[in-house]
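This report describes selected local features and helix packing of the structure shown below.

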Amino acid sequence: MAANVESMFYVRETPWHGLGTSVEEAPTSKEALRYSGLSWKVRQEDIRTVDGYPIHGFRANIRNDNHAVLGVVSDRYRVVQNEEAFAFTDNLLGEGVTYETAGSLCGGKRVWLLAKLPDRFQLVGEEVTPYLVFTNSHDGSGAIRVAATPVRVVCNNTLNLALNTAKRSWSVTHKGDIQKKLDEARNTLFMANQYLKGLQQEAERLSTIRLSDKMVKTWVDELLPVPDQATEQQEKNILRLRMDLQHRYFDAPDLKVLPKSGWRFINAVSDFATHAEPLRKTQRYQENLFSKTMDGHPMLDQAVKFLAA
């Protein structure tokens with residue numbers, strides 16, 4: 001079993017592998033959206049009951065290309081078109097930021113644009129590539145959001161930890177004003193840099209926390225609890241996942257060289273959260289994985305809390 005699990009560590013791909021379209025040659029966000037087939041617009045229409053009676057106070061957000069209903073929203077909700085939402089990111093290109101991929105989730109309810117920051121940085125002696133994910137939603141859940149997503153180069157697992165010292169994600173406004181665009185772009189880079197600095201400090205702190213094997217196994221069990229009244233098969237499935245996470249901590253070639261510390265544990269949990277095969281792959285498996293990459297994984301946040309106690 002150990003050999004099979006170990007071989008898995010060599011095929012870990014980027015968390016968004018297979019999603020979106022490469023837009024590395026796009027000079028602007030508008031071009032990036034066009035290359036990825038996301039240049040469609042959203043219109044709003046009044047909604048009615050099946051009997052034809054108007055439903056006051058609400059409208060439907062509808063894609064203009066395939067007429068799909070993306071969400072029902074208040075009649076006060078203002079649509080922010082994809083092109084409009086991401087236009088301010090073009091001002092980041094002067095800072096060396098490059099567009100990498102773009103795509104949509106849930107049929108267009110959320111549209112995203114991935115950008116890579118120009119500089120790699122070090123976390124406890126290891127190289128990490130910082131990315132920014134920009135999202136726009138059309139289902140009423142929000143408008144423009146940005147999330148910092150650092151990726152550990154050696155194994156492509158994300159390290160988007162929740163920090164007390166800096167935000168992992170934040171929202172930006174967009175009014176179509178040029179100066180506003182410049183301000184938002186500068187603020188985005190500032191927030192990203194603050195997060196990366198905070199992450200470096202947290203990584204150093206975690207690297208000083210020594211862990212016993214017993215403690216690691218206890219925490220793995222707590223991260224992957226067996227449900228009450230679980231069936232025999234469910235219990236076997238959870239035990240398999242626990243074994244997988246333990247193998248990542250104890251046997252992953254890129255982690256075996258690290259001391260048995262909080263930092264090694266966080267990397268194992270992050271690797272599991274980013275790459276572990278689920279018990280059952282749903283139709284939206286990749287989309288759900290990308291959402292957790294963007295929004296942060298509850299399991300990783302819980303592991304950080306263990307180490308803060």
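S29 is buried, with a relative accessible area of 2%; buried denotes under 20%, exposed over 50%, and partly exposed the range in between, with a 1.4 Å probe and protein chains only. The residue belongs to helix α2, which spans residues 29-35; helices (H or I, at least four residues) and strands (E, at least two) are DSSP runs, numbered from the N terminus. Beyond neighbours within four places in sequence, S29 is in contact with F86, A87, T89, D90, Y99 and L113, where contact means heavy atoms within 4.5 Å.

The model is predicted, and local features require pLDDT of at least 70, side-chain atom pairs count only at pLDDT 80 or more, and totals for chains, interfaces and linings use all residues. Residues are numbered from 1 along each chain as its sequence is written, and side-chain values use heavy atoms, with hydrogens and water left out.

**Confidence**

The protein has a mean pLDDT of 89, and 94% of its residues reach 70 or more; pLDDT is the predictor's confidence in each residue, from 0 to 100. Confidence is lowest in helix α1 (residues 2-8), with a mean of 41, and highest in helix α5 (residues 213-223), with 97. Residues 1-8 have pLDDT below 50, and this stretch makes 8 contacts in the model beyond near neighbours in sequence. Where pLDDT is low, the predicted coordinates should not be read in detail.

**Helix packing**

Two packed helices are described by the angle between their axes and the distance between the axes. Axes are lines fitted to C-alpha atoms, for helices over the stretch in contact, and angles run from 0 to 180 degrees between N-to-C directions.

| Helix pair | Angle | Axis separation |
|---|---|---|
| α6 (residues 232-251) and α8 (residues 262-275) | about 130° | 8 Å |
| α5 and α10 (residues 298-308) | about 140° | 11 Å |

The angle of about 130° between α6 and α8 makes α6 oblique to α8; angles under 35 degrees count as roughly parallel, over 145 as roughly antiparallel, 65 to 115 as roughly perpendicular, and the rest as oblique. The crossing of α6 past α8 is right-handed, a term for the near helix being turned clockwise from the far one by less than a right angle. On the α6 side the contact is made by L241, D244, L245, R248, Y249 and F250, and on the α8 side by R264, F265, A268, V269, D271, F272 and H275. These residues comprise 8 nonpolar, 1 polar and 4 charged; Ala, Val, Leu, Ile, Met, Phe, Trp, Tyr, Cys and Pro count as nonpolar, Asp, Glu, Lys and Arg as charged, and the others, Gly among them, as polar.

α5 and α10 are likewise oblique to each other, and their crossing is right-handed. W219, E222 and L223 of α5 meet M299, Q302, A303, F306 and L307 of α10. By class, this contact has 6 nonpolar, 1 polar and 1 charged residues.

S104 lies in strand β5 (residues 98-105) and, at 25% relative accessibility, is partly exposed. Not counting residues up to four places away in sequence, S104 touches L38, R110, V111, W112 and E287. The C-alpha atoms of S104 and L289 are separated by 13 Å, although the two are 185 residues apart along the chain.

C106 lies in the loop between β5 and β6 (110-116) and is partly exposed, at 31% relative accessibility. The phi of C106 is near 55°, a positive value in a residue other than glycine. H67, in the loop between β3 (54-63) and β4 (69-74), has a positive phi near 65° and is also a residue other than glycine.
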